[in-house]
Amino acid sequence: MGYGSIAAAAGVVGVVLEHHMSSLAECAAAADEIAIGVDQVRQLPGVDPNRVALWFFSESGLLAADWLKHPPAWLTCLASTYPVLQTLPEWGVEPRFDSTLAVSDSGALPILLTRVGRDRPEFVSGVNAFVEAAHATNLDIIDVPDVPDGQHGFDMLDHTGESRDAVSRAMAWVVARLMADTAAD
C-alpha cells in the first residue's frame with residue numbers, strides 16, 4: 001500500500017507530486033514544479049487549502065528548504081523520510097536548497113524527520129546537521145523517529161516489521177497534526 005492509500009485510509013487526502021529532477025543541478029526547476037503542484041492540490045474539491053502537510057523523500061529533502069525558510073500559514077507540518085538535507089559544494093546545488101540552513105527560519109512549523117541507520121555518510125551528516133540546527137532553534141518543533149536497520153528507500157526495499165512500523169508512525173504523526181487543526185476549528 002502506498003503513502004497516498006494510507007493517507008486516504010486515515011481520512012485525509014494524499015497526493016503524490018511528480019517533479020522532473022533528474023540531477024541535483026535541477027533543484028530550482030523541480031522546486032517550481034512542486035510549488036505549482038501544491039497550489040493546484042490546494043484548489044481541489046475536498047482539500048482544505050488551509051491544512052496541508054508536505055512530505056519529502058530522499059533528494060527531494062533539498063526541495064523542503066524553500067518551505068522551511070518561508071512556511072506559509074496553511075502549512076500544518078513538514079515531514080521527511082531518509083532525506084538529503086545538506087548540499088555539498090561538488091554537487092553544484094544552490095545554497096538556497098540547503099535545508100540545514102533553512103530550518104532556523106521555520107518558526108514553530110512541526111517537523112518530522114524519519115532517520116535511517118544505514119544511509120550514505122554524506123546524507124547522515126546532513127541529517128545530523130539539520131537536527132542540530134532545529135534543536136538550536138526550537139526543541140519543540142522536531143520529532144526524529146529512527147529506523148536503525150533501515151536503508152535509504154527502506155519503505156520500498158525493506159519489507160520488515162520495522163519498516164512498516166516506521167511508515168505507520170510517520171503517517172500517524174502527520175495525520176494527527178492535520179486532524180488537530182480540524183478539531184481546533
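This note goes through the fold, the strand pairing and a few individual residues of a predicted model.

1. Overall make-up. The chain holds 7 helices and 5 strands. In sequence order these elements follow the pattern α-α-β-α-β-α-β-α-β-β-α-α. The radius of gyration is 16 Å, close to the 16 Å that the globule rule gives for 185 residues, so the chain is as compact as a globular protein of that length. The C-alpha trace spans about 45 × 35 × 35 Å along its principal axes.

2. Burial and contacts. Of the 185 residues, 44% count as buried. Taking contacts between residues at least 6 apart in sequence, 72% of them join residues at least 24 apart.

3. Surface and charge. The accessible surface of the chain comes to about 9,200 Å². Carbon and sulfur atoms account for 55% of that surface. The side chains include 10 positive and 25 negative ones. The centres of these two sets lie 4 Å apart.

4. Pairing of S1 with S2. Strand S1 covers residues 52–57, and strand S2 covers residues 75–81. The two pair in the parallel sense over 6 bridges. Within this pairing, Val52 stands opposite Leu75 of S2, and Leu54 has Leu78 of S2 as its bridge partner.

5. Faces of S1. Strand S1 has a covered face made of Val52, Leu54 and Phe56. The uncovered face consists of Ala53, Trp55 and Phe57.

6. Val52 in detail. Val52 lies in strand S1 and is buried, with a relative accessible area of 11%. Beyond its neighbours within four places in sequence, Val52 is in contact with Arg42, Trp74, Leu75, Thr76, Cys77 and Leu178. Val52 and Val41 are 11 residues apart in sequence, and their C-alpha atoms are 9.4 Å apart in space.

7. S2 pairs with S1 over 6 bridges and with strand S3 (residues 111–118) over 4 bridges. Both pairings are parallel. In the pairing with S3, Thr81 has Thr114 as its bridge partner.

8. Further pairing of S3. Leu112 has Asp143 of S4 as its bridge partner. Strand S5 (residues 146–151) is also parallel to S3 and is joined to it by 3 bridges. In that pairing, Arg115 stands opposite Asp146 of S5.

9. Positive phi at Ser58. Phi of Ser58 is near 55 degrees, a positive value in a residue other than glycine. Ser58 is found in the loop between S1 and helix H3 (64–69). Is this residue buried or exposed? Ser58 is buried, with a relative accessible area of 14%.

10. Positive phi at Tyr82. Tyr82 is another non-glycine residue with a positive phi, near 35 degrees. Tyr82 lies in the loop between S2 and helix H4 (99–102). The relative accessible area of Tyr82 is 5%, and the residue is buried. A reader checking backbone geometry can look at Ser58 and Tyr82 together.

11. Leu157 and helix H6. Leu157 is found in helix H6, which covers residues 154–157. Leaving aside neighbours within four places in sequence, Leu157 is in contact with Gln151 and His152. Leu157 and Asp143 are 14 residues apart in sequence, with their C-alpha atoms 23 Å apart in space. Asp143 is the S4 residue that pairs with Leu112 in point 8.

Notes: Residues are numbered from 1 along each chain as its sequence is written. This is a predicted model: local features need pLDDT of at least 70, side-chain atom pairs count only at pLDDT 80 or more; totals for chains, interfaces and linings use all residues. Side-chain values use heavy atoms; hydrogens and water are left out. The radius of gyration is taken over C-alpha atoms; the globule rule is 2.2 Å times the number of residues to the power 0.38. Buried means under 20% relative accessible area, exposed over 50%, partly exposed in between (1.4 Å probe, protein chains only). Contact means heavy atoms within 4.5 Å. Accessible areas come from the Shrake-Rupley method with a 1.4 Å probe; for residues, only the protein chains shown count as cover. Lys and Arg count as positive and Asp and Glu as negative; His and the chain ends are not counted. The place of a charge is taken as NZ of Lys, CZ of Arg, CG of Asp or CD of Glu. Two strands pair if DSSP finds at least two bridges between them.
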